[in-house]
Structure formats: structure tokens, C-alpha cells
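Keep the sequence and the 3D view open while reading.

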Amino acid sequence: MAQLSRLISILTLLRAKRLLTATELAEKYEVSVRTIYRDIRKLEEAGIPVVTIDGKGYSLMEGYQIAPVQFTEKEANALITAQHLVKQTKDTSFMRDFGEALTKIKSVFRTSVLEKSERLERQIHVFDPNYFENISSNALSEIQLAITNLNYVEINYQKANDPIISYRKIEPYAFYSTNHKWILIAWCYLRNEYRAFRIDRIQQFKILPDTFDDRKFNLQSYFQNCIAEHKK
């Protein structure tokens, strides 16, 4: 990571957490403790009020703000609760990106709100029922980009209780969550129709640079059609 990017990230973390040690920062960014010392001096030279607490670590001076946006305590609590729910998605890419986003959001919490949100975070637990399958995925964030940018996706997909892995070229359109699993709705060229794919059953995927023409897929209409077919 370049020094400028690391400095911005350190500043964000200092706003999101009230106290950080040089060792913690060095491990996070995979640099030496000496490098972190230099980074802290750079922040101080830039006018950032970093407070050094002997034997404990670094913090920011009370009242220092890096952005004008403020969150109410209820809004902060909603975000903390959402973080616990996101952990149940079983998709590591989505959990990682949400965690990074929440860290940046926390950086603008008032100190009083941050302290209360940290207290709430320790008091929440979302039970994950025991499923016969406990499969995680790591594709959701990339597929979300493919949906918004209309990129073709190539996948190797394995159905439940089927040893055969099939190649599919798809147009991704929408997704939903059920039983802590993400389901992707896409136009499948192999079947020449819309199909549902469990993201955790995608063995490999590749986002192609080529884009497709939007078929104007409507998720609500899709669900209504599924219900109608089920009633027949």
C-alpha cells in the first residue's frame, strides 16, 4: 500500500477506534513498527491532532472531525445491527467490503455515539441455525458489480447432490437471500432462460469485460411468475 493511502486509512481507523497501538497498525498494513512511527509523524505534521498515550497507543484529540456528516445514535445502532446480520450471509467478499465501509462510516461518529455503538456491538448475537450444509462463498461483491455494469459472467456451477460441475455463461440480473444463502437470478445461455443459482455453489467465476443488452428483468414479476407456476 502506498504511503498516502496508508495515511488516509490510519486516519480513518483512528476515528473509528478510540485507541490503536503501533503494533496493531503494523500488523494490519504489513509494515514495520518504525514505518508506523513515521506515518504518525506525517499525520502530525499535516496538522492532525494525534494524541500519544504512553504504554497504550494512539488516539485523536476529542472533538476532531474529518467529515461534516453526523449519525444519530439510532442510525449508528442500525448499522451495528446490520453488521451482525451481514455476517450470516456466508459470503466473505460481502462481509469484507461491508466491514471496510462500516469502518469508514464509524470514523465520523461522535465520540459519545461511538462509545455507545461499541457497547451495543458487544451485546448483540445472531444465532445461526445448524444447517446440513455449511458452505461459504466469495463471489457476491464481484457479481454485484457485474449486475450494475451489465457484464457477462462465466461460472462453473455445481448443483446440490450432483458431482458434475457445469460451465455456464450468464447475464446476472438480481439476487435475493433465503436461509442465509444468496441466490442469483441470471439469464443462462446453456438453458436459454432465467435460472436461479446459489452463489455458494459457484465453484469458479470470471467477470468478462464484454457487456450485454439489458433484458429489463423485473424481480417482482419473476417472483409472481414463480408463484403462478407453483399453483398450476
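Predicted model: local features only at pLDDT ≥ 70, side-chain atom pairs only at ≥ 80, totals over all residues.

Residues are numbered from 1 along each chain as its sequence is written, and side-chain values use heavy atoms, with hydrogens and water left out.

**Helices**

Helices (H or I, at least four residues) and strands (E, at least two) are DSSP runs, numbered from the N terminus. The expected span of a helix is 1.5 Å times one less than its number of residues. Helix H1 (residues 3-16) has 14 residues and should span 20 Å; its end C-alpha atoms are 20 Å apart, which agrees.

Buried means under 20% relative accessible area, exposed over 50%, and partly exposed in between (1.4 Å probe, protein chains only). The buried residues of H3 are Thr35, Ile36, Asp39, Ile40 and Leu43. Seen down the axis of H3, they fall within an arc of 140°, so they line one face of the helix. That arc is taken from the directions from the helix axis to the C-beta atoms. Arg34 and Glu45 are exposed on the other side of H3. Gly47 follows H3 and has a positive phi, near 95°.

Contact means heavy atoms within 4.5 Å. The buried residues of H3 pack against H1, H2, S1 and S2. The buried residues of H1 include Leu7, Ile10 and Leu14. Their partners include helix H5 (92-106) and helix H6 (111-122).

**Rings**

Rings of Phe, Tyr and Trp (its six-membered ring) pair if their centres lie within 6.5 Å; planes under 30 degrees apart count as stacked, over 60 as edge-to-face and the rest as tilted. The count comes to 13 aromatic pairs. Two of them are tabulated.

| Pair | Type | Centre to centre | Between planes |
|---|---|---|---|
| Tyr152 and Tyr189 | tilted | 6.2 Å | 55° |
| Tyr173 and Tyr194 | edge-to-face | 5.9 Å | 75° |

Tyr173 lies in strand S4 (residues 165-178) and Tyr194 in strand S6, 21 residues apart. Tyr173 counts as buried at 11% relative accessibility. Tyr194 is partly exposed at 27%.

A charge sits over a ring if NZ of Lys or CZ of Arg is within 6 Å of the ring centre and within 35 degrees of the ring normal. Arg215 lies over the face of Trp187, at 4.0 Å from the ring centre.
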